Amino acid sequence: MTLVIDRLTKTYANGVKALSNVTLTIEPGMFGLLGPNGAGKSTLMRTIATLQPPDSGSVRFGDIDVLAQPERLREVLGYLPQEFGLYPNMPADAILDHFATLKGVTAAGERRDLVTSLLSQVNLYDVRKKSVGGYSGGMKQRLGIAIALIGRPKLLIVDEPTAGLDPTERNRFLNLLADIGEDVVVILSTHIVEDVRELCSQMAIINKGEVVVQGVPGRIIDEVRGHIWRRTIPRSQTDAYRSQYQVISTKLLAGDTVLQVYAESDPGDGFASVEPNLEDVYFHRLAAVSGGHVPAEA
Ligand code: ADP
């Protein structure tokens, strides 16, 4: 089933325009929604998950009109919000059993098999009897995914799941998502470029409530090939270069600044062409919509 988001717009009561004509078509597979904090990712995720209405626009998932038929969408939805609470004194198997009952898996034997298979899938079977209050951040996130997977969702939404995870836990979590199934639409919202680069077959970048680019990561990178240039300059000259070039990133190296810029053609001036990556695209696109100012990253 395909998720079709058409011209979604949302302005909060305080005047913040969180979504502005967001239009996206998302096929089964892993979709990375990348954007800085405040871009509108959570607003978009909550809207698709039927938790808050937009001002205008539409969302369709297969033949489901999501805004008009929220109960139909919820039957096929798994949603892992940015923050969720777990009963700290309960063990993982009891929590999953509880949520499976709520989801309508009433036969005890069926529920036991389901809980066992979910615990194995998210690699928590060995710690299933431990209270989740003692779980690490990564373990809690994996339990959250297990809960979201009860009922075999066709649409799985995970909002900033890797924030705060160490690299090992992050990888483990992303691999779990990647294994979920080819016929499921998995939307991963994140501000971490590597999350998308490694696993997503489709992606979009959003900023200030607007989609700035969408497509296949490799093709999006191809669009900037031949336009990314690098040189090392004394740190004191960084501001001067910023005013002259479209700087997309700066990194400090042994006291100097390694400058990466976007330019249509060879800027000369000691710059050398570099092979682009998704991070270059990300900072180039953010710079393009914010008039040359990019968030400092180094
Ligand atoms: P992201 O998930 O990309 O960080 P959000 O969707 O959380 O972005 O927020 C987008 C913008 O909307 C931000 O400026 C945020 O402060 C604002 N915002 C989010 N939720 C609310 C709300 N309930 N009321 C008012 N403003 C909100």
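In which sense do strand 9 and strand 10 pair, and over how many bridges? Select residues 210-215 for strand 10 together with strand 9, and you'll find an antiparallel pair with five bridges. (Strands are DSSP runs of E of at least two residues, helices are runs of H or I of at least four, both numbered from the N terminus; two strands pair if DSSP finds at least two bridges between them.) A quick note before moving on: this is a predicted model, where local features need pLDDT of at least 70, side-chain atom pairs count only at pLDDT 80 or more, and totals for chains, interfaces and linings use all residues. Residues are numbered from 1 along each chain as its sequence is written, and side-chain values use heavy atoms, with hydrogens and water left out.

**Stop 1: the hairpin**

Click Ile205 and look across to Val213 in strand 10, which stands opposite. Then go to the turn: two residues sit between the strands of this hairpin, and Lys208 has a positive phi near 50°.

Next, pick Gln202, which belongs to strand 9 (residues 202-207). Gln202 is buried at 13% relative accessible area (buried means under 20%, exposed over 50%, partly exposed in between, with a 1.4 Å probe and protein chains only). Its side chain reaches the backbone oxygen of Glu27 at 2.8 Å. Leaving aside neighbours within four places in sequence, the contacts of Gln202 include Thr25, Met30, Phe31 and Pro217 (contact means heavy atoms within 4.5 Å).

**Stop 2: Thr190**

Select residues 185-190, which is strand 8, and find Thr190 there. Thr190 is buried, with a relative accessible area of 0%. Show the side chains of Thr190 and Asp195: they make a polar contact at 2.8 Å (a pair of N or O atoms within 3.5 Å; within protein, one must be able to donate a hydrogen and the other to accept it, and residues adjacent in sequence count only if both atoms are side-chain atoms). Beyond neighbours within four places in sequence, Thr190 is also in contact with residues including Lys41, Glu160 and Thr162.

**Stop 3: helix 1**

Lys41 leads you onward, as one of the buried residues of helix 1. Select residues 41-48: seven of the eight are buried, so helix 1 is largely enclosed by the rest of the structure. Thr50, which follows helix 1, has a positive phi near 65°.

**Stop 4**

Now display the open sheet of four strands, ordered 12-13-11-14 with antiparallel pairing. Strand 12 (246-253) and strand 14 (272-273) are the edge strands, each pairing on one side only. Strand 11 (residues 228-234) and strand 13 (residues 256-262) are joined by seven bridges; highlight Trp229 and its bridge partner Val261 in strand 13.

**Stop 5: the pockets**

Finish with the largest pocket, which holds about 430 Å³ of space. (On a 1 Å grid over the protein atoms alone, a pocket is an open set of points where a 1.4 Å probe fits, with protein on both sides within 12 Å along at least five of seven lines; lining residues have an atom within 4 Å of a point.) Select Tyr79, Phe99, Lys103, Ile147 and Ala148, which lie nearest its centre among 19 lining residues. Strand 6 (77-80), helix 3 (92-102) and helix 5 (137-149) each supply at least two residues of that lining, and strand 6 gives the largest share, four.

The second largest pocket has a volume of about 230 Å³. Its lining includes Leu114, Gln121, Arg152 and Val184, and helix 4 (residues 108-121) provides the largest share, four residues.

Note on methods:
Points joined across faces, edges and corners; volume = space filled by probe spheres on them.
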